[in-house]
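Hi,

Here is the structure I said I'd pass on. Could you load it up and read my notes alongside?

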Amino acid sequence: MGEQPIYTTRAHVFQIDPTTKKNWVPASKQAVSVSYFYDSTRNSYRIISVDGSKVIINSTITPNMTFTKTSQKFGQWADSRANTVFGLGFASEQQLSKFAEKFQEVKEAAKLARDKSQEAGETMSNHSQESGRESGRETPLNTQPSSINGTDDEKISHVGPEAAVLKTENERLKTAVEQSNTNAKKWETELQTLRENNARLVDALQESSANVESWKKQLSTCKEESDTLRAKIADLEAQCNEANQEKQKNSQLSVRVKELEAELHDKETELENLRKQAEIIPQLMAECETITTKLQAAEVKNQELEGRISGLSLDIDESRQKQGNMKGELKKFMDILDGKIDELHEFRQGLSKLGVDN
């Protein structure tokens, strides 16, 4: 039948880092199928795993190998032929335990096959040695009587020891035949055991085939669910993007609201200052009216003074004699008048400024 799978499971495959001999390097990106194979022609067992078109595990099981559980879901074994250490990460502790039990079972089967081959080799070598001895000893017996010339007693004396040797060899051959019969019965029993194991393996293969169909259906269902979840995730990501955009807009609006509140506060402060100034305006208007009245009175006085000046200028011609006395008084009066005019000019400037401010 050739090489057939006897057990299959799924796990994440790792190999030991050849440089550090400490760190694990992932050999598969996801969980892949890991199978035990039995080769009936070579009577050997292998663990094989394929990721796509790449063979990531091809390990022949020998009786010296040991599968070690390093955690609840992780196990490892060393392959001296491949010069590496393989590690498997399972989805559950039950899968790990079942794989370890199968490893031990296959290991015992490999040990049994090795012992059988060694026993068969030893038996064949013993038979060949015994047949060689028998042929070598029978030839002298056939030639010896023709080469001996003497009495019958002498012939008997020569043949007696050889007969004893032949008898001993015959007994040994009988013992070997009985032992071979015993081994044949043992091999028949082991053959029946192997047939039963083969039947179990066929049942397991059929069961694994059924499980493969079930896994395919589950895989298609999982793919559909995955596609649905991916679509939902895309929708949620779109909604999240919209929500992020809304958050950005809200943050921008919040900043703008704060700026407007600051501007409103400034405007309110300015309005309050204007209200305070508006309360001062009636007082300023009253002062302005008072100053206007004073200015009018000053203008009247100025007109009167100008009339007096014109009268005095006429009197100057008539009273040059009194000019010397009047110069001092006129100079004082002109100084006073200049001061009043300066005050009036400053007062006008103040009024113009107040009018501009109002």
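Below is what I found, going from the overall fold to the individual contacts.

First, the ground rules. This is a predicted model, so local features need pLDDT of at least 70 and side-chain atom pairs count only at pLDDT 80 or more, while totals for chains, interfaces and linings use all residues. Residues are numbered from 1 along each chain as its sequence is written, and side-chain values use heavy atoms, with hydrogens and water left out.

**Overall fold**

The protein has three helices and eight strands; helices (H or I, at least four residues) and strands (E, at least two) are DSSP runs, numbered from the N terminus. Along the sequence the pattern reads β-β-β-β-β-β-β-β-α-α-α. Of the 358 residues, 18% are buried, where buried means under 20% relative accessible area, exposed over 50%, and partly exposed in between (1.4 Å probe, protein chains only). Among contacts (heavy atoms within 4.5 Å) with a separation of 6 or more, 53% are between residues 24 or more positions apart.

Helix 3 (residues 323-357) passes a quick geometry check: its 35 residues should span 51 Å at 1.5 Å a residue, and the end C-alpha atoms are 49 Å apart, which agrees. The expected span here is 1.5 Å times one less than the number of residues. Buried residues in helix 3 include Leu337, Leu344, Phe347 and Leu351.

**Aromatic pairs**

A pair of aromatic rings is described by the distance of the centres and the angle of the planes. Rings of Phe, Tyr and Trp (its six-membered ring) pair if their centres lie within 6.5 Å; planes under 30 degrees apart count as stacked, over 60 as edge-to-face and the rest as tilted. By this rule the count comes to twelve aromatic pairs. One of them is Tyr36 with Phe99, a tilted pair at 5.0 Å centre to centre and 40 degrees between the planes. That pair links distant parts of the chain, with Tyr36 in strand 3 (residues 32-39) and Phe99 in helix 1 (residues 93-147), 63 residues apart. Both Tyr36 and Phe99 are buried. Phe99 also forms a tilted pair with Phe90, at 5.5 Å and 50 degrees, and Phe90 is buried too. Ring pairs join Tyr7, Tyr36, Phe67, Trp77, Phe86, Phe90, Phe99 and Phe103 into a cluster.

Ile57 lies in strand 5 (residues 54-60) and counts as buried because its relative accessibility is 0%.

**Charges**

How many salt bridges does the structure hold? There are five, a salt bridge being a side-chain nitrogen of Lys or Arg within 4 Å of a carboxyl oxygen of Asp or Glu. Three of them:

- Arg42 and Asp39 meet at 3.9 Å, N to O. Arg42 is exposed at 69%, whereas Asp39 is buried at 10%.
- Glu105 and Lys102 have their closest N and O atoms 3.6 Å apart. Being three residues apart in helix 1, they are separated by about one helical turn. Glu105 is partly exposed at 47% and Lys102 is buried at 17%.
- Glu299 and Arg348 have their closest N and O atoms 3.4 Å apart. The pair links helix 2 to helix 3 across 49 residues. Glu299 is partly exposed at 33%, as is Arg348 at 44%.

Then there's Asp17, in the loop between strand 1 (3-16) and strand 2 (24-26). Asp17 is buried yet has no salt bridge, and the nearest side chain of opposite charge, Lys21, is 8.0 Å away. (Lys and Arg count as positive and Asp and Glu as negative; His and the chain ends are not counted.) The side chain of Asp17 does make a polar contact with that of Thr20 at 3.4 Å. A polar contact is a pair of N or O atoms within 3.5 Å; within protein, one must be able to donate a hydrogen and the other to accept it, and residues adjacent in sequence count only if both atoms are side-chain atoms.

**Backbone**

Lys21 sits in that loop too, with a positive phi near 60 degrees despite not being a glycine.

Cheers
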